[in-house]
Protein chains: 2
Amino acid sequence: MTQNIYDDDAFLQGYCQLPRSVHGLDGAPEWPSMRALLPPIDGLSVVDLGCGFGWFSRWAATAGASRILSLDISRNMLAHARAQTSSAAIEYEIADLETLDLPDRAFDLAYSSLAFHYVADFGRLARTVHRSLKPGGSLVFSIEHPINTAPSTPGWRKDGDGRAIWPLDGYFREGLRRNHWFVDGVEKYHRTLGTTFSALTGAGFDIDHLEEWRPSAAQIAAHPEWEQELDRPMFLLMRAKRSA
Amino acid sequence: MTQNIYDDDAFLQGYCQLPRSVHGLDGAPEWPSMRALLPPIDGLSVVDLGCGFGWFSRWAATAGASRILSLDISRNMLAHARAQTSSAAIEYEIADLETLDLPDRAFDLAYSSLAFHYVADFGRLARTVHRSLKPGGSLVFSIEHPINTAPSTPGWRKDGDGRAIWPLDGYFREGLRRNHWFVDGVEKYHRTLGTTFSALTGAGFDIDHLEEWRPSAAQIAAHPEWEQELDRPMFLLMRAKRSA
């Protein structure tokens, strides 16, 4: 079973301070890039895999999605999401992406923001999502970039000349990483980009977009400290289609 | 025009000592992975982009390719390649991948080993190669992995705990890198993986394979020093298809 760190009080207290928790999609710097990958939402049946506080699900309801199944492992987050929602199109359910079942050919769009790196068996999940899409449907998702999840001891270092470097090691040593993020022992799974790609193609997907998110010049002007993010890819965004 | 470092005597003297120069395909640890991406070669029309000493072209001739156009910028390497070849199926030509022209819909397979990172304008090259393929044809290529080309000062470091780390920086600062490789000032072009992917999809390709080469357990047993290559991806292998 996936670690449910989002129901840990100390973790959630920290996570709630993040701009993306306070401001929703507008507080997530990669959202404009994610939105650009989406089909027109009006009338679509959507599954939101790891919906968290439900910001995307509510956006999709407002944009005219006919049905949104919003899944998360965290009772606290789902309770908060429900309390914010009046749309009858959204259905919230507790679910563990590790053991997820979904109905066959039910959705036009599967969406997931920064959740798949909590899953140990991504191959199983990719096959489950592929089966759940209608032919022509697509999966749009973001994950932490594997360069970000690989290191045995993540965190910026100073090189001999004073430049900041990202201390890459262990790239091909896939599997569990336990690191400090608000609390000790937050569990994520490192997979190479090649492994993620092959899991998707192996499930039958065609991958038509792969993007390494970087802050725009406007975003760096507004947040000068984000210039550091030009040194190392932080998020990986992909779109995969079910053709038949 | 692409820097022609392979016609620099001091560089070529160093390069000629590499296992892949001495032993050909069997001296290239990624060759088994590249070969696995190839279609059956018998009867195919092939273009070899950056053929070097011509090892792959000769292999393709032996495997039954009907025609092989073998292109390289280096007169020295082409002269060596010609001297090793008796096959009438192979045609050698001097060419700069930066300004390459190819006939339309002429080839079933475009192949390139570790050459595209010398090219500044990969978008132009991707479009040129796409046009030159017959519908259904494929491009199989390897490049240095962008994690390998990104750093401003490449080379392993020791972290505080004595572990080797790869000092990543400048990932999103694309463009020319000048580094020491046998001689000073060898020019390569750094592009993010996302940029390479988008250049290919933008040219009309469908990408059905993306692989980050790693040494196998058997290769590490034979070359224990290659275990270091598990810490950082060195080569990127891709296959892209022209569907129509």
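Helices (H or I, at least four residues) and strands (E, at least two) are DSSP runs, numbered from the N terminus. The model shown is predicted: local features need pLDDT of at least 70, side-chain atom pairs count only at pLDDT 80 or more, and totals for chains, interfaces and linings use all residues. Residues are numbered from 1 along each chain as its sequence is written, while chains are lettered from A and ligands numbered from 1 in the order in which they are written.

**View 1. The open sheet of chain A.** Seven strands with mixed pairing follow the order β3-β2-β1-β4-β5-β11-β10; two strands pair if DSSP finds at least two bridges between them. Because β3 (90-94) and β10 (205-213) of chain A each have a single partner strand, one side of each edge strand is without a neighbour in the sheet. From one strand to the next, the twist averages 15 degrees.

**View 2. Strands β1 and β2 of chain A.** Five bridges join β1 (residues 45-49) to β2 (residues 67-72) in the parallel sense. A:Ser45 has A:Arg67 of β2(A) as its bridge partner.

**View 3. Helix α5 of chain A.** Helix α5 (residues 75-83) lies across β2 and β3 of chain A and runs at about 165 degrees to β3(A). Axes are lines fitted to C-alpha atoms, for helices over the stretch in contact, and angles run from 0 to 180 degrees between N-to-C directions; two residues are in contact if their C-beta atoms, placed from the backbone, lie within 7 Å.
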